[in-house]
Amino acid sequence: MINWPEILIEDIANRHSIVYLGSGVSHNSVNDAGEHPMTWKAFLEHGASLNELTSQQKKEITKNIKKEDYLLSCELLRTFLGEQNFYDLVGNCFRDPQFKSAEIHQHIFSLDTKIVVTPNFDQIYEGYAMRVSNNSVITKNYYDNDLAHFIRRPQRLILKLHGNINTPNRMIFTQCDYAKARTEHADFYQLLNALISTQTFLFLGAGLNDPDIRLLLENYAFQYQFSRCHYFVLPKKQLSYTEMHIHEKALNVKFITYSPNDNHRELTESLKELVSLVEAKRTEIAGTLGW
């Protein structure tokens with residue numbers, strides 16, 4: 001089980017934290033056919049196998065997948081298929097299979113953080129959140145112009161960093177999409193910078209290769225060198241000890257590792273334990289009126 005840091009427990013209990021949900025969280029979901037959502041790599045590999053592509057186009061995409069240049073691979077796939085076919089492919093892979101929420105989504109919701117940030121364009125977590133909250137959770141996308149209003153409201157808020165699957169032409173997939181979004185919606189990234197400077201982020205199911213994560217953490221680390229760290233949960237042996245040490249210093253994060261055995265069961269169980277620890281801390285805070 002994960003030994004959760006006391007400072008993290010206190011920050012969540014005091015609602016001074018934000019949970020960041022990566023695609024690894026969605027991968028816990030399953031549909032009636034027993035299928036899990038594809039990883040980003042698996043989606044690109046599936047796209048590269050389609051009969052609509054020429055053998056040369058397949059080779060070009062596959063070459064970049066092997067180099068782990070997923071942004072370029074996705075740009076190529078969208079270019080070769082055409083935008084409409086590409087968006088149909090995304091819907092077929094991530095919406096139409098009707099993936100259901102998993103136990104991990106329940107524990108994340110039970111942490112009761114006011115804001116959840118996610119780059120996932122599926123609607124698995126917000127679907128669960130809306131059901132259990134009687135539709136009281138608010139969902140906003142990076143391009144909405146009223147974000148500041150809802151960030152300051154008391155209601156739970158889900159921020160969609162890359163858009164959502166029901167508006168495919170505004171989803172962020174490629175390097176060009178990232179650059180365009182940062183230019184046209186600079187106010188959103190200003191809000192993100194404000195949040196990461198004032199709240200403790202807990203990254204779950206995320207990777208360090210996401211440009212948004214890198215930019216946010218690098219800016220924070222070098223602008224506020226003596227500030228408290230954020231927390232990044234990842235499977236053991238995903239990074240070497242040296243790699244973790246370098247990233248912790250460069251990004252001002254603390255890595256929390258767990259065993260990936262049995263489909264990452266330890267993470268789900270550890271989040272369940274974290275909910276109990278946070279609830280106990282909130283009871284303690286309420287007893288002393290130490291809000």
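Helices (H or I, at least four residues) and strands (E, at least two) are DSSP runs, numbered from the N terminus. This is a predicted model, in which local features need pLDDT of at least 70 and side-chain atom pairs count only at pLDDT 80 or more, while totals for chains, interfaces and linings use all residues. Residues are numbered from 1 along each chain as its sequence is written, and side-chain values use heavy atoms, with hydrogens and water left out.

**Ile104**

- Ile104 lies in helix α7, which covers residues 103-110, and it counts as buried because its relative accessibility is 2%, where buried means under 20% relative accessible area, exposed over 50% and partly exposed in between (1.4 Å probe, protein chains only).
- With neighbours within four places in sequence left aside, Ile104 is in contact with Val25, Asn28, Leu267, Thr268 and Leu271, contact meaning heavy atoms within 4.5 Å.
- Ile104 and Asp262 are separated by 158 residues in sequence, and their C-alpha atoms are 14 Å apart in space.

**Helix α4**

- The 12 residues of helix α4 (residues 55-66) should span 16 Å at 1.5 Å a residue, which agrees with the 16 Å between its end C-alpha atoms; the expected span is 1.5 Å times one less than the number of residues.
- Gln57, Ile61, Asn64 and Ile65 are the buried residues of α4, and they fall within an arc of 110° seen down the helix axis, so they line one face of the helix; the arc is that of the directions from the helix axis to the C-beta atoms.
- These buried residues of α4 pack against α3 (40-48) and α5 (70-81), whereas Ser55, Lys59 and Lys66, on the other side of α4, are exposed.
- Glu68 follows α4 and has a positive phi, near 60°.
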